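This report concerns a single protein chain, shown below.

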Amino acid sequence: MARHWPLLPILILAALLRLHAIDRSPLWTDELFSLQSTAARGFLVETIPRMTLLSPAPRPTSLENPGPLSAIYSTQATDTHPPLYFMLLRLWREVFESSPTSLRIPSLLASLATVAALYSALALSASRHAAILAGLLAAVASSQIIFAHEVRGYALAAAFTTSAAALLLHIQRNGWTRTRAALLALSAVLAICTLYLAAIPLAALGVYSALHLPPASRRRTLLTGL
């Protein structure tokens with residue numbers, strides 16, 4: 001572990017870049033939809049009557065009298081996103097304030113996890129120098145910083161997917177074990193439960209497993225993926 005000390009300053013750099021101006025932009029439409037979902041109200045705003053004076057005005061993003069946490073799953077039926085991120089954000093909102101900065105911290109942390117997972121993946125599959133370069137590129141990548149500034153589940157999906165890739169490479173290098181397989185399966189399931197499109201990179205990991213894993217680990221890893 002000592003030889004991977006460069007990961008620490010990379011994460012510090014990534015954190016500073018993501019904290020900078022994190023509250024500059026107000027919450028935009030999709031972020032407000034996220035807050036609606038955390039209150040188990042689905043797309044309530046789409047059912048509000050138009051051109052009508054409502055008193056009291058509805059507060060679809062408020063956590064006053066919200067639906068239960070379990071109801072977030074059923075109210076996502078009209079959305080194109082799975083419920084995991086919204087359920088986690090609901091727990092976050094119940095503990096911390098709902099300012100734009102506070103609401104974006106989970107995405108910031110997920111983005112840092114992606115940087116760490118990518119570093120780990122390259123350290124396993126290539127070299128320490130490649131891992132440092134990959135970590136630096138992820139730390140300064142504008143797309144990563146943008147998603148770290150959004151109250152949406154994209155940064156979290158990237159973290160779970162990149163972690164699955166790192167775990168797969170760990171299996172390739174060190175062999176299949178039940179613990180590694182369980183962590184790989186958990187990362188994949190959490191990725192799918194955060195963003196359905198995560199199925200695409202996960203399918204690519206399955207192809208990689210079939211082509212590159214040694215025979216002793218290939219069948220078990222593919223079964224784990226299934």
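The sections below move from the whole chain to individual side chains.

**Basis of the description**

This is a predicted model, in which local features need pLDDT of at least 70 and side-chain atom pairs count only at pLDDT 80 or more, while totals for chains, interfaces and linings use all residues. Residues are numbered from 1 along each chain as its sequence is written, and side-chain values use heavy atoms, with hydrogens and water left out.

**Overall architecture**

The chain contains eleven helices and zero strands; helices (H or I, at least four residues) and strands (E, at least two) are DSSP runs, numbered from the N terminus. Along the principal axes, the C-alpha atoms occupy a box of roughly 65 × 40 × 25 Å. Of the 226 residues, 41% are classed as buried. Buried denotes under 20% relative accessible area, exposed over 50%, and partly exposed in between (1.4 Å probe, protein chains only).

The accessible surface amounts to about 12,300 Å², and 68% of this belongs to carbon and sulfur atoms; accessible areas come from the Shrake-Rupley method with a 1.4 Å probe, and for residues only the protein chains shown count as cover. Among contacts (heavy atoms within 4.5 Å) with a separation of 6 or more, 73% are between residues 24 or more positions apart.

**Salt bridges**

Side chains of opposite charge can pair when their charged atoms come close. The structure holds three salt bridges, each defined as a side-chain nitrogen of Lys or Arg within 4 Å of a carboxyl oxygen of Asp or Glu.

| Salt bridge | N to O distance |
|---|---|
| Glu 31 and Arg 104 | 3.1 Å |
| Arg 59 and Glu 64 | 3.0 Å |
| Arg 90 and Glu 94 | 2.8 Å |

Glu 31 and Arg 104 are joined by a salt bridge. Because Glu 31 belongs to helix α2 (residues 29-38) and Arg 104 to helix α5 (residues 100-125), this pair ties together parts that are 73 residues apart in sequence. Glu 31 is buried, at a relative accessible area of 1%, and Arg 104 is buried, also at 1%.

In the pair of Arg 59 and Glu 64, Arg 59 is exposed at 52% relative accessible area, whereas Glu 64 is partly exposed at 48%. Arg 90 and Glu 94 both lie in helix α4 (residues 84-95), four residues apart, or about one turn of the helix. Arg 90 counts as buried, with 5% relative accessibility.

**Helix α9**

Helix α9 (residues 178-194) has 17 residues and spans 24 Å from its first C-alpha to its last, close to the expected 24 Å; the expected span is 1.5 Å times one less than the number of residues. Its buried residues include Ala 181, Leu 184, Ser 187, Ala 191 and Thr 194. These cover an arc of only 165° around the axis, so they are on the same side of α9; the arc is that of the directions from the helix axis to the C-beta atoms. Their cover includes α4, α8 (154-174), α10 (199-212) and α11 (215-225). The face of α9 turned away from the buried side carries the exposed residues Arg 178 and Thr 179.

**A nonpolar surface patch**

Leu 13, Leu 17, Leu 136 and Val 140 make a nonpolar surface patch of about 280 Å². Patches are made of residues with over 30% relative accessible area and no salt bridge, with like charges joined within 9 Å and nonpolar side chains (Val, Leu, Ile, Met, Phe, Trp, Tyr) within 5 Å. Helices α1 (7-19) and α6 (128-140) each supply at least two of the patch residues. Val 140 is located in helix α6 and is partly exposed, at 45% relative accessibility.
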